[in-house]
Amino acid sequence: MPTYKQAPWPNFHRNGTTYRLNHLNEYTIQVTDSDGVERLMLVHFSDHCFTRDASPDPSQDDPTLLYRPSTRRPNGYFCLDRWGLSQDLKTHIHDAVHGQVWMCHDPKYCIVPTVVLEGQPLLYGILCKLSKEKGYHFKLSLEVITAYPWTRCWSCL
(Lines give C-alpha, C1' and ligand atoms only; values in the text may rest on other atoms or scores of the structure.)
Protein backbone atom coordinates (compact mmCIF):
# COMPACT_ATOMS: atom_id res chain seq x y z
CA MET A 1 0.00 0.00 0.00
CA PRO A 2 1.39 3.46 -0.80
CA THR A 3 1.92 5.93 2.04
CA TYR A 4 -0.68 8.72 2.25
CA LYS A 5 -0.31 10.56 5.56
CA GLN A 6 2.57 9.04 7.52
CA ALA A 7 5.66 7.19 6.37
CA PRO A 8 6.42 4.09 8.44
CA TRP A 9 8.17 4.88 11.72
CA PRO A 10 11.74 3.56 11.85
CA ASN A 11 12.26 0.79 14.40
CA PHE A 12 14.00 1.76 17.63
CA HIS A 13 17.23 0.00 18.64
CA ARG A 14 18.57 0.07 22.20
CA ASN A 15 21.08 -2.13 24.00
CA GLY A 16 20.86 -4.87 21.38
CA THR A 17 17.04 -4.93 21.37
CA THR A 18 14.92 -3.86 18.39
CA TYR A 19 11.52 -2.36 19.18
CA ARG A 20 9.44 -2.78 16.06
CA LEU A 21 7.01 -0.04 15.07
CA ASN A 22 5.37 -1.64 12.03
CA HIS A 23 2.16 -2.13 14.05
CA LEU A 24 1.82 1.68 13.78
CA ASN A 25 2.02 1.82 9.99
CA GLU A 26 -1.02 3.48 8.46
CA TYR A 27 -3.80 1.16 7.30
CA THR A 28 -7.41 1.29 6.16
CA ILE A 29 -10.49 -0.02 7.93
CA GLN A 30 -14.10 -0.34 6.81
CA VAL A 31 -16.52 1.70 8.97
CA THR A 32 -20.22 2.45 8.90
CA ASP A 33 -21.18 6.11 9.26
CA SER A 34 -24.18 7.45 11.21
CA ASP A 35 -26.34 7.15 8.06
CA GLY A 36 -25.48 3.46 7.72
CA VAL A 37 -23.17 4.03 4.73
CA GLU A 38 -20.01 1.89 4.57
CA ARG A 39 -16.87 3.96 4.15
CA LEU A 40 -13.15 3.25 3.97
CA MET A 41 -11.10 5.09 6.61
CA LEU A 42 -7.34 5.58 6.70
CA VAL A 43 -5.81 5.28 10.19
CA HIS A 44 -2.39 6.78 10.93
CA PHE A 45 -0.38 7.38 14.09
CA SER A 46 1.78 10.10 15.61
CA ASP A 47 5.01 9.14 17.37
CA HIS A 48 3.34 10.45 20.55
CA CYS A 49 1.83 6.95 20.78
CA PHE A 50 5.28 5.58 21.71
CA THR A 51 7.39 8.59 22.76
CA ARG A 52 7.31 11.08 25.64
CA ASP A 53 8.51 14.64 26.12
CA ALA A 54 11.93 15.39 27.56
CA SER A 55 11.99 15.66 31.35
CA PRO A 56 12.18 19.18 32.84
CA ASP A 57 15.54 18.12 34.29
CA PRO A 58 17.65 16.87 31.33
CA SER A 59 19.77 14.73 33.67
CA GLN A 60 16.65 12.56 34.21
CA ASP A 61 16.53 11.50 30.53
CA ASP A 62 18.36 8.38 29.45
CA PRO A 63 20.20 9.38 26.24
CA THR A 64 19.82 5.82 24.92
CA LEU A 65 16.05 6.45 24.75
CA LEU A 66 16.33 9.50 22.46
CA TYR A 67 14.14 8.86 19.39
CA ARG A 68 15.61 11.13 16.72
CA PRO A 69 12.69 10.92 14.22
CA SER A 70 10.28 12.19 16.91
CA THR A 71 8.05 15.17 16.13
CA ARG A 72 8.36 16.34 19.76
CA ARG A 73 10.48 19.43 20.28
CA PRO A 74 13.18 19.79 21.34
CA ASN A 75 13.44 15.99 21.80
CA GLY A 76 11.21 12.96 22.07
CA TYR A 77 12.20 9.92 24.09
CA PHE A 78 11.14 6.37 23.39
CA CYS A 79 8.72 5.31 26.14
CA LEU A 80 8.68 1.58 26.83
CA ASP A 81 5.26 1.81 28.56
CA ARG A 82 3.65 3.66 25.65
CA TRP A 83 5.28 1.35 23.11
CA GLY A 84 4.00 -1.72 24.97
CA LEU A 85 0.45 -0.35 25.18
CA SER A 86 0.56 0.71 21.51
CA GLN A 87 0.69 -2.97 20.52
CA ASP A 88 -3.09 -3.10 21.02
CA LEU A 89 -4.01 0.24 19.40
CA LYS A 90 -5.45 -1.39 16.28
CA THR A 91 -7.74 -3.49 18.46
CA HIS A 92 -8.82 -0.42 20.44
CA ILE A 93 -9.56 1.47 17.22
CA HIS A 94 -11.57 -1.47 15.89
CA ASP A 95 -13.54 -1.52 19.16
CA ALA A 96 -13.99 2.27 19.06
CA VAL A 97 -15.60 2.25 15.62
CA HIS A 98 -17.95 -0.40 16.97
CA GLY A 99 -18.78 1.53 20.17
CA GLN A 100 -16.66 -0.29 22.76
CA VAL A 101 -14.95 2.73 24.36
CA TRP A 102 -15.95 5.68 26.51
CA MET A 103 -16.01 9.06 24.79
CA CYS A 104 -15.10 11.95 27.08
CA HIS A 105 -13.87 15.53 27.18
CA ASP A 106 -14.89 16.13 23.58
CA PRO A 107 -15.62 13.90 20.58
CA LYS A 108 -11.92 13.64 19.76
CA TYR A 109 -10.93 11.86 22.95
CA CYS A 110 -11.67 8.36 24.09
CA ILE A 111 -10.63 6.21 27.00
CA VAL A 112 -10.26 2.47 26.74
CA PRO A 113 -11.85 1.26 29.98
CA THR A 114 -9.08 -1.07 31.16
CA VAL A 115 -5.64 -2.04 29.99
CA VAL A 116 -2.93 -3.67 32.08
CA LEU A 117 0.52 -2.16 32.56
CA GLU A 118 3.06 -3.83 34.85
CA GLY A 119 0.27 -5.99 36.28
CA GLN A 120 -1.92 -2.99 37.19
CA PRO A 121 -5.26 -2.19 35.51
CA LEU A 122 -5.54 1.41 34.34
CA LEU A 123 -7.30 3.66 31.86
CA TYR A 124 -5.73 4.28 28.44
CA GLY A 125 -6.34 7.66 26.83
CA ILE A 126 -6.41 7.99 23.05
CA LEU A 127 -6.65 11.41 21.40
CA CYS A 128 -7.76 11.29 17.75
CA LYS A 129 -8.65 13.60 14.90
CA LEU A 130 -11.24 12.43 12.36
CA SER A 131 -11.25 14.23 9.00
CA LYS A 132 -13.17 13.97 5.73
CA GLU A 133 -10.92 13.30 2.75
CA LYS A 134 -11.25 14.09 -0.94
CA GLY A 135 -9.24 12.73 -3.84
CA TYR A 136 -8.41 9.38 -2.23
CA HIS A 137 -10.05 5.96 -2.36
CA PHE A 138 -10.80 6.40 1.38
CA LYS A 139 -13.34 9.02 2.50
CA LEU A 140 -12.18 9.51 6.09
CA SER A 141 -8.89 9.62 7.94
CA LEU A 142 -8.31 9.06 11.62
CA GLU A 143 -5.09 10.43 13.06
CA VAL A 144 -4.17 8.96 16.44
CA ILE A 145 -2.50 12.06 17.89
CA THR A 146 -1.42 10.46 21.16
CA ALA A 147 -2.12 7.46 23.37
CA TYR A 148 -0.94 7.07 26.93
CA PRO A 149 -1.70 5.39 30.27
CA TRP A 150 -4.12 7.97 31.63
CA THR A 151 -3.61 7.46 35.34
CA ARG A 152 0.20 7.53 35.16
CA CYS A 153 1.36 9.96 32.51
CA TRP A 154 -0.15 13.42 32.79
CA SER A 155 3.41 14.70 32.41
CA CYS A 156 3.78 12.65 29.22
CA LEU A 157 1.29 14.75 27.24
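Is Tyr-19 buried or exposed? At 13% relative accessibility, Tyr-19 counts as buried, where buried means under 20% relative accessible area, exposed over 50% and partly exposed in between, with a 1.4 Å probe and protein chains only.

A quick note before the views: this is a predicted model, so local features need pLDDT of at least 70 and side-chain atom pairs count only at pLDDT 80 or more, while totals for chains, interfaces and linings use all residues. Residues are numbered from 1 along each chain as its sequence is written, and side-chain values use heavy atoms, with hydrogens and water left out.

**View 1. Tyr-4 meets Phe-138.** The search of the whole structure turns up 14 aromatic pairs; rings of Phe, Tyr and Trp (its six-membered ring) pair if their centres lie within 6.5 Å, and planes under 30 degrees apart count as stacked, over 60 as edge-to-face and the rest as tilted. Here the centres are 5.2 Å apart and the planes sit at 75°, so Tyr-4 and Phe-138 are edge-to-face. The pair ties together parts of the chain 134 residues apart: Tyr-4 comes from the segment before strand E1 (12–14), Phe-138 from the loop between strands E9 (120–132) and E10 (140–149). Strands (E, at least two residues) and helices (H or I, at least four) are DSSP runs, numbered from the N terminus. Tyr-4 is partly exposed at 27% relative accessibility, whereas Phe-138 is buried at 0%.

**View 2. Phe-12 and Tyr-19 make a tilted pair.** Their ring centres are 6.2 Å apart, with 35° between the planes. Phe-12 is buried, at 5% relative accessibility. Both rings belong to a cluster linked by ring pairs, which also takes in Trp-9, Phe-50, Tyr-67, Phe-78 and Trp-83.

**View 3. Phe-78 and the nonpolar core.** The largest such core has 32 residues, and Val-43, Phe-45 and Phe-78 touch the most other members. A nonpolar core is a set of buried Ala, Val, Leu, Ile, Met, Phe, Trp, Tyr and Cys residues joined through side-chain atoms within 4.5 Å. Beyond its neighbours within four places in sequence, Phe-78 is in contact (heavy atoms within 4.5 Å) with residues including Leu-21, Thr-51 and Leu-65.

**View 4. Lys-90 over Tyr-27.** The charged end of Lys-90 sits over the Tyr-27 ring, 4.7 Å from its centre. To qualify, NZ of Lys or CZ of Arg must be within 6 Å of the ring centre and within 35 degrees of the ring normal.
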